[in-house]
Amino acid sequence: MSTYGRFPVVLERGEGCYVWDNEGRRYLDFVAGIATCALGHAHPALVEAVSRQVRTLVHVSNLYYTSLQGDLALWLSTHSCAEQIFFCNSGAEANEGAIKLARKYGRTVLGIEAPEILTAHRSFHGRTLAAVTATGQPKYHKHFHPLVPGFDYVPYNDFEALRGQLTGHTAAILLEPIQGEGGVVPGEAEYFRQVRRLCDERGILLILDEVQTGMGRTGKLWGYEHLGIEPDLFTIAKALGGGVPIGALCAKPRYALFEPGDHASTFGGNPLACAAALAVCHTLEAEGLVENARVRGAQLVEGLERLQERFAPLVASVRGRGLMQGLVLREPRAAEVVKLALESGLLLVGAGPEVVRFVPPLVVTAAQIEEALAVLEQVLARLPVPLAV
Ligand SMILES: Cc1ncc(COP(=O)(O)O)c(C=O)c1O
């Protein structure tokens with residue numbers, strides 16, 4: 001179905017940070033399947049792990065144990081603040097799990113009959129019905145009413161507003177460490193510390209959506225590490241499988257309240273997806289990719305800030321963390337920039353009408369960052385300057 005306004009390109013193969021279309025044209029990929037292909041394309045470790053697993057065991061369901069799922073849960077728990085993991089297949093599904101768990105917590109631990117979850121304006125949590133209701137952007141709600149009850153929205157990075165909107169029914173607060181789709185807006189550490197303190201005082205769950213920020217993208221393994229706090233639950237997907245679909249809901253032990261019968265997923269954490277995810281986890285470590293995201297991210301920011309100076313009438317600011325950066329335009333022209341970049345062999349994606357997003361694979365090199373900046377410079381030079389400035 002026509003759910004996406006697609007670009008007129010048919011992509012056929014990829015290697016590292018490049019993809020090729022069916023006419024043999026090469027593109028530098030700064031989209032990475034929307035912050036997903038952390039290892040780039042056709043990384044030998046992922047190719048090897050997935051090929052081996054296809055020949056061994058693809059799927060058995062969660063009626064049985066598999067060692068790969070245990071290994072992945074162990075890696076995630078030893079590398080994060082969580083200890084219990086529920087595996088699923090996407091970011092939206094991970095957030096659905098978090099929402100259900102928050103409701104169970106609200107009802108059984110806090111004794112709230114109809115638990116409510118606070119989320120932020122301009123947030124993005126996915127497209128299934130509860131996840132889209134959690135998403136604080138009315139444009140995604142249009143056509144889908146009645147939405148799921150039990151959600152309310154607060155301005156992001158505004159602690160007083162959040163405190164003012166708490167009610168006796170609030171069971172959880174769900175936030176992104178950096179708002180991605182909403183325009184690459186980094187969360188402020190002081191705000192998150194205040195929210196954490198409030199949650200501790202009131203017994204409210206703090207849930208972080210790390211679907212886009214997780215797995216090293218921001219220059220730390222988890223977005224929350226920039227904020228000086230730990231969440232009670234967090235969700236991941238996207239880069240976890242390096243392009244093979246897998247998501248996870250990660251919980252501190254005392255909040256892992258699901259019991260047999262509460263929640264499930266046929267495909268969730270099957271051997272194929274777990275083999276892919278383990279290859280991603282081990283390669284992040286073996287190749288120092290989290291550090292690479294930090295260093296290459298700093299290089300990207302420096303280059304983008306140079307462009308901001310040069311094209312001041314067009315570019316308002318640069319914001320983000322690590323390899324999750326946004327170039328904020330003064331006018332809603334991100335789609336124009338993305339289109340011109342594509343024509344010049346650079347894949348970019350917008351984050352709302354004014355923001356051009358940069359989320360390249362974490363294996364990106366210094367030369368590829370310079371290459372992307374050079375294309376972007378040409379693209380910006382071709383954009384007519386707004387008359388009002
Ligand atoms: C922060 C965040 N949460 C959830 C999602 C939804 O993930 P998925 O498309 O895998 O359902 C996204 C996707 O862009 C996201 O950026």
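Is Ser61 buried or exposed, and how many other C-beta atoms lie within 10 Å?

Reply: In this predicted model, Ser61 is exposed, because 12 other C-beta atoms lie within 10 Å and a residue with 12 or fewer falls in that class. Ser61 belongs to the loop between α2 (44-56) and α3 (67-78), and its phi is near 85°, a positive value in a residue other than glycine. Most residues other than glycine have a negative phi, and most peptide bonds are trans.

A positive phi, of about 55°, also occurs at Ala32, which is not a glycine either, but this residue is placed in helix α1 (residues 32-35). Ala32 has 30 C-beta neighbours inside 10 Å and therefore counts as buried, the threshold for that class being 20 or more.

The peptide bond deserves attention as well: the one from His145 to Pro146 is cis, with omega near 0°, and Pro146 lies in the loop between α6 (138-141) and β6 (151-154).

For context beyond these backbone sites, the ligand is surrounded by 15 residues, of which the closest are Ser90, Gly91, Ala92, Gly126 and Val211. Helix α4 (residues 91-108) supplies the largest share of this shell, 3 residues, while the shell by residue type divides into 5 nonpolar, 7 polar and 3 charged.

Conventions. Residues are numbered from 1 along each chain as its sequence is written. This is a predicted model: local features need pLDDT of at least 70, side-chain atom pairs count only at pLDDT 80 or more; totals for chains, interfaces and linings use all residues. A residue is near a molecule or strand if its C-beta atom, placed from the backbone, lies within 6 Å of it. Helices (H or I, at least four residues) and strands (E, at least two) are DSSP runs, numbered from the N terminus. Ala, Val, Leu, Ile, Met, Phe, Trp, Tyr, Cys and Pro count as nonpolar, Asp, Glu, Lys and Arg as charged, and the others, Gly among them, as polar.
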